[in-house]
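Open your viewer and get ready to click along.

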Amino acid sequence: MYFIWEKIYETGVEKIDFQHKKIVEYINRLYTDIVINKNTDSINETLMDLKIYTISHFSVEEKLFKKHKYSGDDLEEHLKKHSDFENTLSSYIGDITSSKNELGYNIIEFLKDWLINHIMETDMKFVQFINSKIQ
Ligand SMILES: [Fe+2]
């Protein structure tokens, strides 16, 4: 199933929301590659594009952490989640072929769960931190 963007995923930080929507587009492109086109080259190309995009997304978030002086355990945890994600994604790249259907589905499920968790738990915590400083 394609990933459908929901309003509850909005953090209220325009740049972050825009980038999260782009990540949803990558996940959906991957779904098309894996389930419809079944082409190993395009699957790996989309995974690479997703990796490049998420690296730049994380660096945007990490610049905001600095700007707002985010610190402590929440910051450490957030940074670790970024690097864990990159490692997991890297391990999928090259490992997937169009004949490994099950792995393809696992990757899509992993990405969907990861994004929802990333937004609803990790990023929302940071946004609450920013908002608590403004008020
Ligand atoms: Fe994010």
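This is a predicted model: local features need pLDDT of at least 70, side-chain atom pairs count only at pLDDT 80 or more; totals for chains, interfaces and linings use all residues.

Residues are numbered from 1 along each chain as its sequence is written.

**Stop 1: the core.** Select Ile 27, Leu 30 and Ile 108, the residues with the most contacts inside the largest nonpolar core, which has 14 residues. A nonpolar core is a set of buried Ala, Val, Leu, Ile, Met, Phe, Trp, Tyr and Cys residues joined through C-beta atoms within 7 Å. Buried means that 20 or more other C-beta atoms lie within 10 Å of a residue's own; exposed means 12 or fewer, and partly exposed is in between, with C-beta atoms placed from the backbone. Now colour helix 1 (14-37), helix 2 (40-67) and helix 4 (101-134): each supplies at least two residues of this core. Helices are DSSP runs (H or I, at least four residues), numbered from the N terminus. Helix 1 gives the largest share, six residues.

**Stop 2: around Ile 27.** Leaving aside residues up to four places away in sequence, Ile 27 touches Phe 3, Ile 108, Leu 111, Lys 112 and Leu 115. Contact here means C-beta atoms, placed from the backbone, within 7 Å.

**Stop 3: helix 2.** Which residues of helix 2 are buried? Select Ile 43, Thr 46, Leu 47, Leu 50, Thr 54 and Glu 61 to see them. These buried residues pack against helix 1 and helix 3 (72-92).

Next, show helix 2 and helix 3 together: they pack at an angle of about 170°, with axes 10 Å apart. Axes are lines fitted to C-alpha atoms over the stretch in contact, and angles run from 0 to 180 degrees between N-to-C directions. The angle therefore makes the two helices roughly antiparallel, a label for angles over 145 degrees. Among the residues that meet here are Phe 58 and Phe 65 in helix 2, and Phe 85 and Leu 89 in helix 3.

**Stop 4: two lysines in loops.** Select Lys 38, in the loop between helix 1 and helix 2. Its phi is near 45°, a positive value. Most residues other than glycine have a negative phi. Lys 38 is partly exposed, with 15 other C-beta atoms within 10 Å.

Finish at Lys 69, in the loop between helix 2 and helix 3. Here phi is positive too, near 55°. Is Lys 69 buried or exposed? Lys 69 counts as exposed because it has 9 C-beta neighbours inside 10 Å.

Methods. Two residues are in contact if their C-beta atoms, placed from the backbone, lie within 7 Å. Angles under 35 degrees count as roughly parallel, over 145 as roughly antiparallel, 65 to 115 as roughly perpendicular and the rest as oblique.
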